[in-house]
Amino acid sequence: MSDVGRAVADVRHLLWFRAATLRRPRAVVVALAVFGVVTVLSATVPAWVTVDVDTISGAARALPAALGAVVAISVASAVAGGGGRELLARDPASIHPISPVTDHLGALVLAPLNTGWLLQTWLLLGFTALVAGPSRLFGAQVLTVSWVLAATVLGQAVAWGVEWVRRGPRGVRVVRLAIAVVIAVLAAVGSTDARQVLVAGPARVTAAAIEDGNVTTVALVALTLLLAATVLVVVGAQLATLAATRTPRDEGRQESRTHAARPLPGSGLAMMSRIDRASVWRSVPLRRGTLLLAFAPGLVALAGALPWSTLILFPGLVASGCVLLFGVNLWCLDGRGLLWRETLPVAPRTVLVVRARVLAEVLLLAGLLTIALGAVRAGMPTPAEALAVVLALLVVVGQAVSAGLRWSAKSPYAVDLRSARATPAPPLAMVGYSLRLALATTFTGLFFATLAAVDRTGPMVVVAVVLLAVSAWRMVRAARRWSDPERRAAVVAVVAA
Amino acid sequence: MGRETHTAIEVSGLRVQFGTVEAVTGVDLNVEPGQAMALLGRNGAGKSTTMRVLAGVVPPTEGTAFVGGYDVRDATLEAKRVVGYCPDVGGLVPRATPWEHLQLSARLRNLEGWESRAKALLERFDLGLVAHRVTAGFSHGMSRRLSVVLAALHEPSVLLLDEPFDGVDPVGVEATFEVIEDARARGAGVLVSTHLRDLAVQVCGEVAVLRGGTRMATISSGFMAGEDGARAYRALLA
């Protein structure tokens, strides 16, 4: 059997293993069915919706940018994830002869289990349906699907390339510099009229073909995209093989790093906070993810000179992203050390309060950084806008922390957050968490943005107090549950397994 | 609640159930102050679950368990204060250093002047040079040795060591022997769960054998030593 044939067979075996070891198979089937239905609906329904010509023209104008956004999300997710998702986590996979090509194909299969990718793809399918209408729908969606496929494969190939460089000599520094340069160029170009360049080339050609609907053009562009996707799969496999020959540098560096002893703090609470903060900031995926989520939206806001009315939505975006880094499985920060920590003479409620506080700190820090960057070109906010941003930040942090506490106790997972590719829960569970958080925090942001627009500070404060009280009540309930030794023992047994 | 007792560990009719699985189906144990007892048995015999109950991690389904006179169910925090526990797996926070682990334990137990003892223990277990390195990169043996150090730091009156010799080099085994001897000398009760019968009988006065979650026998280590002891052990496991 050829290497590729073996890799495909191995991906099949690994998928079977993942399916066979699901905790709640029925829920997974329902979730996948929902994703399928939403995809079909977003790809078809807008074609039959009666809208005015201006709306269709607006969608057509936005199409190249929407196509470009899929590429940006695919590349950013795969690069930030150190090569994308794993079909089998590193430690259990280490005893099996899983080739880098299998790893590459597995990451491609799991790439759609990413909320950003899903939302952008649904949006793109919707735009395409709106622009093409019922008569040209099939050809247009074939083109869009081909684009999404090519963009996803490109993202994966770029990620392996970046990973190969990162693992090489002075790689971490080179990659950081390259990312800074790319962000600076994007910010500079994006802030001028030259921003059209960002969606020029393939995106504009594909958008034109979708709009035009000529069968020959559509077939030609779709075939080109599929050919490009095939070539990129092979290139990605080669780059994955190259990357596998090098040890992950930043992980190795973290694991052998020494930290000078600091004086003993005055209280147990402070000492626990210190250990919990160290667990976050010394973890490669957590540090990388937090900084990405703090800076990326802020730089977008900076480049686009977004107004305060839009900035109000950003704390929700950042908080819901950051809580996914570890907040949905808070106890995994301790890894197997949770078993030892559970034997220390401290009230369970105190441990939970410290953990929640550290999570809130991370969310607040990321949110404040984003707002600070966005504020540079947003001008002076009105008092209502300033109040809305502050309240939105506080409320979404409360919502995210209370959700994290609930989910961490309800569905714990044994996860080692050493690898940049590690996530605190399986991919599908992450999508579920992500969608629920995004829904809650986006509605919250929209609510405050609407009240700020009509200058209603009184209702804003009342709503914030009510929402914060709901979050506080949920946290108290989570703390009460955590005080139950049987529930706690069950979480410890899973996390320390 | 605490009560007047002279027994370091007192377990009676212990039963632990996880869902439909009965991990421990009836264990009775008594370890006196200054006594070291080994807990032997096959995989799944209930040794680690019994240890976790005594460490206050797993609540008993039925029966009672007292450590240092404290009921682990009703006086969990007090029980945790008098216990030093080395877990069977990992037991270390991956991104904290050994010194930070020791600081956390010392702070939560309000220890005074613990630093010199901590340094001596780290040196004894050959961990002095890695005291400030994060534990994620530790080998299995290093993790085991550090877990014993953490269990022994506060000179507990009940020392629970779950598989302390697993994957540990001779220096570490010798250091663990010393920790057990020190604990006995100061009047602590020691319970050692292990698969390594030869090591267990060297350091413990008595051996309790568990099978299928039940205690089969408690016998003097002398009867479990050598070839005769091996035959007796196999007979108890059969």
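This section describes the interface, the nonpolar cores, selected helices and individual residues of a predicted model.

The contact between the two chains draws 36 residues from chain A and 35 residues from chain B. On the side of chain A that touches chain B, the elements giving two or more residues are helices H11 (249-255), H12 (268-281), H16 (337-341) and H21 (485-495) of chain A. H12(A) supplies the largest share of that side, six residues. Sorted by class, the side of chain A that touches chain B comprises 17 nonpolar, 10 polar and nine charged residues.

The largest nonpolar core holds 159 residues, of which Leu54(B), Val67(B), Val149(B), Leu160(B) and Val192(B) touch the most other members. The element that gives the most to this core is helix H18 of chain A (residues 383-410), with 14 residues. A second, separate core has 58 residues, including Ile73(A), Val75(A), Val148(A) and Ala207(A). Apart from neighbours within four places in sequence, Val192(B) is in contact with Ala36(B), Ala38(B), Leu39(B), Leu161(B), Pro164(B), Ile180(B), Ala200(B), Val203(B) and Cys204(B).

Helix packing in chain A is illustrated by H3(A), residues 53-80, and H7(A), residues 137-166, whose axes come within 8 Å and cross at roughly 30°. This crossing of H3(A) and H7(A) is right-handed. H3(A) contributes Leu67(A), Val70(A), Val71(A), Ser74(A), Val75(A), Ser77(A), Ala78(A) and Val79(A) to the contact, while H7(A) contributes Trp147(A), Val148(A), Ala151(A), Thr152(A), Leu154(A), Gly155(A), Gln156(A), Val158(A), Ala159(A) and Val162(A). The contact of H3(A) with H7(A) has 13 nonpolar and five polar residues, with no charged residues. Val75(A) and Val148(A), both named in this contact, also belong to the second core.

Two further helices were considered for length and burial. Helix H13 of chain A (residues 284-304) has 21 residues and reaches 30 Å from its first C-alpha to its last, close to the 30 Å expected at 1.5 Å a residue. The buried residues of H13(A) are Val284(A), Pro285(A), Leu286(A), Gly289(A), Thr290(A), Leu293(A), Ala294(A), Pro297(A), Gly298(A), Ala301(A), Leu302(A) and Ala303(A). Ala305(A) follows H13(A) and has a positive phi, near 45°. Helix H8 of chain B (residues 226-237) has 12 residues and a reach of 17 Å from first C-alpha to last, close to the 16 Å expected at 1.5 Å a residue. H8(B) is hardly covered, with a count of one buried residue among its 12 residues.

Backbone geometry was also inspected in chain B. Most residues other than glycine have a negative phi. Glu163(B) counts as buried because it has 21 C-beta neighbours inside 10 Å, where 20 or more are required.

Leu127(B) is placed in the loop between H4 and helix H5 (140-152) of chain B, and is buried, with 20 other C-beta atoms within 10 Å. Beyond neighbours within four places in sequence, Leu127(B) is in contact with Pro98(B), Leu122(B), Met142(B), Arg145(B), Leu146(B) and Val149(B). Val149(B) is among the residues that touch the most other members of the largest nonpolar core. Leu127(B) and Thr20(B), 107 residues apart along the chain, have C-alpha atoms separated by 42 Å.

In chain A, Pro427(A) lies in helix H19 (residues 427-453) and is partly exposed, with 18 other C-beta atoms within 10 Å. Pro427(A) and Arg85(A) are 342 residues apart along the chain, yet their C-alpha atoms are separated by 7.8 Å. Helix H19 of chain A also contains Leu446(A), which is partly exposed, with 14 other C-beta atoms within 10 Å. Leu446(A) and Gly316(A) are 130 residues apart in sequence and 9.6 Å apart in space, C-alpha to C-alpha.

Notes. Residues are numbered from 1 along each chain as its sequence is written. Chains are lettered from A and ligands numbered from 1 in the order in which they are written. This is a predicted model: local features need pLDDT of at least 70, side-chain atom pairs count only at pLDDT 80 or more; totals for chains, interfaces and linings use all residues. Two residues are in contact if their C-beta atoms, placed from the backbone, lie within 7 Å. Helices (H or I, at least four residues) and strands (E, at least two) are DSSP runs, numbered from the N terminus. Ala, Val, Leu, Ile, Met, Phe, Trp, Tyr, Cys and Pro count as nonpolar, Asp, Glu, Lys and Arg as charged, and the others, Gly among them, as polar. A nonpolar core is a set of buried Ala, Val, Leu, Ile, Met, Phe, Trp, Tyr and Cys residues joined through C-beta atoms within 7 Å. Axes are lines fitted to C-alpha atoms, for helices over the stretch in contact, and angles run from 0 to 180 degrees between N-to-C directions. A crossing is left-handed if the near helix is turned anticlockwise from the far one by less than a right angle, and right-handed if clockwise. The expected span of a helix is 1.5 Å times one less than its number of residues.
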